Each structure stands twice: as C-alpha cells, then as structure tokens.
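Please look over both before turning to the grouped points below.

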Amino acid sequence: MSVLYRAKGIVLARCDHKEVDRFYSVFTKEHGKIQFLARGGHKSLAKLTPHLESIAEVELLLVRGRYFDTVAGVDRIRRFKLDKGLQKQVLAQHALHLVDMGTKEWESDEILYSVLSDWLHFLATIPELEKDVKHKSSRGIIVGMRFGEGWYVMLACSQTKSSFSLQERLLMIH
C-alpha cells in the first residue's frame, strides 16, 4: 500500500533516468533531502516538471513507493528570479549543489534550510554583484568570493545564535 505525504522545499538538482523519467532532489525543512522520481518528466508535454525546473521553492505531494518516492503533484510557492546576470545564477546553482552534496536523505536541518532560502532571496534582490558577496542571516553565513576566473562559495551554519559551530563546505566554481 502506498502512502501519500506533503513536503515543502527547495529544488536542488535533477538527473535523467532511463528514456523519459527524471530523478529530483529537494531539500525540505521537515524531512531534509528527499529524492524522488517524476515519471515522464523528460517529455516535452510533462505537466508537473516545469514547476521543478527553475530555482524555486515548491510544495510537493509525494507517493512513498517500495523502491523510491514518486511525485503526484507540484505547486510552485516562490521562484527566485535570477534572470539578470549569469554570476547570480552560478552562485545560486553552486550553493544548491553544496547542499545536495553535503546532506543525507531524511536528515532534517531547519537552520540549513533557512540559510539557503535567505541566500537565494538575497541573490534575487541585490541589483549587482560586487567582487565579494557575503550574506549574513541570524542562523548562518554564505560567502561568495571571486578569485581569478572562478568563484569560491563557503557555507557556514550555526547551531545556536551565540556560538558558531561551523560546517564549512568550499567549492571552486569555474
């Protein structure tokens, strides 16, 4: 018997599966990282996958299956508009990639979720990027620094507001 459940999260990544299906990775506040299958997601007339393609916060209706979860419904809650400038898109995509690489399935982290959401909102609202970009929220810091031809992105999250226990992830972006 299948179980339906809802989740609200930020789309991290996608990966093609077989000929017409796609796997998606979404980071949620309640469940942590969830990976699920969108059947027919690679087809041009797919109805659910356009909501999962852009950098967005979505609400999902998922079916828990024997081997993997499958998406049954998607509503886009908020799209982070990063249309003006390739550098903003690069910083956003690599922050999403860092979260995707550095988290395990079903391990919730509300602090990391809020830091990632704040970072994407910050990138969507600033008019232009300077040489170094630093965004502080009450729960963590994301820093983007430019060195030569690439960008370094560092993500630091705090467990408490008074003392930082840093989890640093550093990635060279070309």
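A residue is called buried when its relative accessible area is under 20%, exposed when that area is over 50%, and partly exposed in between. Arg78, at 29% relative accessibility, therefore counts as partly exposed. The structure is a predicted model, and its chain holds 3 helices and 9 strands, which follow one another from the N terminus in the order β-β-β-α-β-β-α-α-β-β-β-β.

**The chain as a whole**

- Of the 174 residues in the chain, 45% are buried.
- Among the contacts in the chain with a separation of 6 or more, 48% are between residues 24 or more positions apart.

- Helix H2 covers residues 86-102, a run of 17 residues, and its first and last C-alpha atoms lie 24 Å apart, close to the 24 Å expected at 1.5 Å a residue.
- The buried residues of H2 are Lys88, Leu91, Ala92, Ala95, Leu96, Leu98, Val99 and Asp100, a list that includes two charged side chains, Lys88 and Asp100.
- The axis of H2 comes within 10 Å of the axis of helix H3 (residues 110-125), and the two cross at roughly 170 degrees; because angles over 145 degrees count as roughly antiparallel, H2 and H3 are described as roughly antiparallel to each other.
- On the H2 side this contact is made by Lys88, Leu91, Ala92, Ala95, Leu96 and Val99, while H3 contributes Leu112, Leu116, Trp119, Leu120 and Leu123.
- Sorted by class, the contact of H2 with H3 has 10 nonpolar residues, no polar residues and 1 charged residue.
- Trp106 is found in the loop between H2 and H3, and although Trp106 is not a glycine, its phi is positive, at about 65 degrees.
- With a relative accessible area of 38%, Trp106 is partly exposed.

**Salt bridges**

- A search of the whole structure finds 5 salt bridges, and those of Asp16, Lys33 and Arg78 are among the ones described here.
- Asp16 and Arg22 form a salt bridge in which the closest N and O atoms are 2.9 Å apart; Asp16, at 43% relative accessibility, counts as partly exposed, whereas Arg22, at 10%, counts as buried.
- Lys33 and Asp100 meet through their side chains in a salt bridge with an N to O distance of 3.3 Å. This pair links distant parts of the chain, since Lys33 belongs to strand S3 (residues 32-38) and Asp100 to helix H2, 67 residues apart. Both Lys33 and Asp100 are buried.
- Arg78 and Glu57 likewise meet in a salt bridge between their side chains, with 3.1 Å from N to O. The pair joins distant parts of the chain, with Arg78 in strand S5 (residues 69-79) and Glu57 in strand S4 (residues 56-64), 21 residues apart.
- A network of salt bridges links Lys8, Glu57 and Arg78.

**Glu59 in strand S4**

- Glu59 is found in strand S4 and, at 30% relative accessibility, counts as partly exposed.
- Although Glu59 and Ala7 are 52 residues apart along the chain, their C-alpha atoms are separated by 5.8 Å.
- Leaving aside residues up to four places away in sequence, Glu59 touches Arg6, Ala7, Lys8, Gly73, Val74, Asp75 and Ile77; one of these, Lys8, also takes part in the salt-bridge network with Glu57 and Arg78.

- Arg39 lies in the loop between S3 and helix H1 (50-53), and with a relative accessible area of 56% Arg39 is exposed.
- Arg39 and Thr70 are 31 residues apart in sequence, while in space their C-alpha atoms are 7.4 Å apart.
- When residues up to four places away in sequence are not counted, Arg39 touches Asp21, Phe68 and Thr70.

How values were computed: Residues are numbered from 1 along each chain as its sequence is written. This is a predicted model: local features need pLDDT of at least 70, side-chain atom pairs count only at pLDDT 80 or more; totals for chains, interfaces and linings use all residues. Side-chain values use heavy atoms; hydrogens and water are left out. Helices (H or I, at least four residues) and strands (E, at least two) are DSSP runs, numbered from the N terminus. The expected span of a helix is 1.5 Å times one less than its number of residues. Buried means under 20% relative accessible area, exposed over 50%, partly exposed in between (1.4 Å probe, protein chains only). A salt bridge is a side-chain nitrogen of Lys or Arg within 4 Å of a carboxyl oxygen of Asp or Glu. Axes are lines fitted to C-alpha atoms, for helices over the stretch in contact, and angles run from 0 to 180 degrees between N-to-C directions. Angles under 35 degrees count as roughly parallel, over 145 as roughly antiparallel, 65 to 115 as roughly perpendicular and the rest as oblique. Contact means heavy atoms within 4.5 Å.
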